[in-house]
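Biologist: Please take a close look at one part of this model for me. I would like the contact between the two chains, and then whatever bears on it.

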Amino acid sequence: MSDYNLSHLDELEAEGMYVLREVAAQFERPAILFSGGKDSICVTHLARKAFAPARIPMPLVHIDTGHNFPETLQFRDDLVNELGVQLIVGSVQELIDRGEVTEEQGFNASRNRIQTPTLISTIEAHQFDACVGGARRDEEKARAKERFFSHRDDFSQWDPKNQRPELWDLYNGKCQPGEHFRVFPLNNWTELDIWNYILRENIAIPSLYFAHEREVIRRDGQILANSAYLNLRPDEQPEKLQVRFRTLGDLTITGAVESDADNLEKIVAEVAAARKTERGGRMDDKRSQSAMEDRKKEGYF
Amino acid sequence: MAQGLLRFITAGSVDDGKSTLIGRLLYDSKTIFEDQLESIEQASTQRGTDGADLSLLTDGLRAEREQGITIDVAYRYFATPKRKFIIADAPGHIQYTRNMVTGASTADLAIILIDARAGLLEQTHRHSFIAHLLGIKHMVVCVNKMDLVDWDEARYNEIVDLYRSFSSRLDIPDIRFIPISALQGDNVVDRSERMAWYDGPTLLNHLEHVHVAADRNLQDCRFPVQYVVRPQTDAHRDFRGYAGRVAGGVFKVGDKVVALPSGLSSKVTSIAIGEKQVDMAFPPQSVVMTLADDIDLSRGDMLVRENNQPESVQDIDARICWLSEQPMRPGTRFELHHTSREAKAVVKEVVYKLDINTLHRVEDDLQIGMNDIARVRIRTAAPVLADDYRRNRATGSFILVDPGTRLTVAAGVIYA
Ligand SMILES: Nc1nc2c(ncn2[C@@H]2O[C@H](COP(=O)(O)OP(=O)(O)OP(=O)(O)O)[C@@H](O)[C@H]2O)c(=O)[nH]1
Ligand SMILES: [Mg+2]
């Protein structure tokens, strides 16, 4: 701190808080997309710091696939209570019931893809003009191209071939009626930065991130949590393993890793030594080379 | 001593090997993850490339892979034991210059690639000039594809001389030259045995050690108010805090400050980061300040010190880079965004346009189209609190937004 130098984490924090304040200042109806994962927890933590001692001046929006880890929902509700912010839930199940989307069938069926129409209909229903997400550029090759203020047309689509220029930290949040922005305060954070920050700030996270014993099945090189939502193949045998999750998404697609990292220090050490990316364990990205780009174009997180 | 974070951009003409170089840098420094490598190996095999095409590490969009070019900037993060890096891999194609400008606006160092066969091209000039315009003080010129010119020292020297004579008209304090082969890895991470005549550092070695003076102004106190925090809760009924990011100088609790443009003065009573009270704030910290007096102060205003104030101007002398496909129409009204302030603005006069190849001023054709760089005079409807860009990036830069399309059409730097 001497010589007026900030640590790397302090710089990232300052940038994230700045972005969140721009959102609050520039938009009429902003929201934070809250998945219950570590990244959206960090965004929420930054928001708390950015607006203290006031409450976070925007609601948390959860797109609920109905296939959640129970821990995630409990965690979400506790956090919302503590912060005194509004929670808005967009339910995938409701869209299925209304016949607006059709569920995938088969062994690898997941509700990942139909989160997108649910998200879009939630955005439209509440007329959000900015949705803050926890995506990071280091996560995935399409995300590596993201702006901080990422423009979406009135069909919520991302046009990666024609993104708006973004100069310095002058974020232009102007758009036409019906369009909106996705905003990514954590763009410049890596997975390791996130963990170091959680450790430093002592941020509460769902227990799923810590090593625990769980019934899992192995499928196509992945370790998946066994649950009522997973369709087992005839030859698949559940087994008990010591695992933890590196990302939290829908139960059916989030791969676990074998690990005995049961505290934050051990997680930081594990992530620092990791030879695979965190999304290496996600079935949703494995479907094709451009799976993420295609979903993002449609309006995915 | 450990060096701080280095943000750099790769630039240069299309196909000069920028993405391949970044891939090579990540690969040879062993900072690629296994699944990423597997994924690009698989994609390379599919398209019949021998071995892994390392440019696919940053060219991640479908359209980029189809055309074999970069369209938009990809950001990559990596660290060696010596330093942390944020890389912006920019596209070389002229059509996507605005994406290069986007990446360059936050970079401290630019790597300019030149294909040893082709030499200096128009985009080499344009990117070099943009880097200079945006105040990048450190440049590394990599003469690439040395494998295709038989590792020829004479050809390398020829290009170095050409670039030196071009860049002598820009004031870039630190320029280095390195002969490399991004494809084969020579002088990227590992020293080339085929160019024994070169005795300078490898690229990575240079990047790890180059001393980049923090691009921070600690002299001139500037605090653009971004947002007013008013909790209106029982615990903080009368609290009124000014949130923002320090754009210059050091603010301390107890300091006497002046609010601009009102000119009213007050004293800093507290500075906080989140719930934590601190006794001072400096760039680029995001803080909340409270003042002793209830003065009129809101987004777009600025806190400064009495004896050191930015210029309050309505006539701005600026260099702009035009980013829109639509040419600039004389007399159009724009929104000018500067710090947290917005003002209506009109371009009063195009003083000259730059010929990017010769760096000469063009004064007879003043039509401004996409990618043009020009010196202009702008008139704003309300005063802008400006510093010279070279003194302060944050208070010396602006963008122009078209009020109809709402798009960012120009990037501007102020010469005060
Ligand atoms: N022989 C040889 N070929 C190279 C070298 N570096 C790059 N290439 C090839 O040059 C072509 C273009 O490389 P890219 O890395 O995509 O070029 P780029 O500068 O990123 O291009 P844009 O981003 O589209 O401007 C590819 O076919 C590379 O394999 C080199 O050192 N030697
Ligand atoms: Mg490229």
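Modeller: Chain B and chain A bury about 6100 Å² between them, with carbon and sulfur atoms giving 56% of it. This is a predicted model. On the chain B side, B:Y77, B:Y227 and B:R406 supply 11% of the area buried against chain A, more than any other three residues. The contact draws 82 residues from chain B and 61 residues from chain A.

In a salt bridge between the chains, the side chain of B:R216 meets that of A:E11 at 3.4 Å, N to O. Helix 2 of chain B, residues 34-46, brings 6 residues, the largest share of the side that touches chain A. By class, that side of chain B has 36 nonpolar, 25 polar and 21 charged residues.

Between domain 2 and domain 3 of chain B, about 730 Å² is buried, 63% of it from carbon and sulfur atoms. In domain 2 of chain B, B:A247, B:G300 and B:M302 lose the most area to domain 3, together 54% of what that side buries. Here 11 residues of domain 2 of chain B touch 7 residues of domain 3. The count between these two domains is 1 salt bridge. The side chains of B:R341 and B:D301 meet in a salt bridge at 3.6 Å, N to O.

Note on methods: Residues numbered from 1 in each chain as written. Chains lettered and ligands numbered in written order. Predicted model: local features only at pLDDT ≥ 70, side-chain atom pairs only at ≥ 80, totals over all residues. Heavy atoms only, no water. Contact = heavy atoms within 4.5 Å. Buried area = accessible area lost by both parts, 1.4 Å probe. Salt bridge = Lys/Arg side-chain N within 4 Å of Asp/Glu carboxyl O. Helix = DSSP H or I, 4+ residues; strand = E, 2+ residues; numbered from the N terminus. Nonpolar A, V, L, I, M, F, W, Y, C, P; charged D, E, K, R; others polar.
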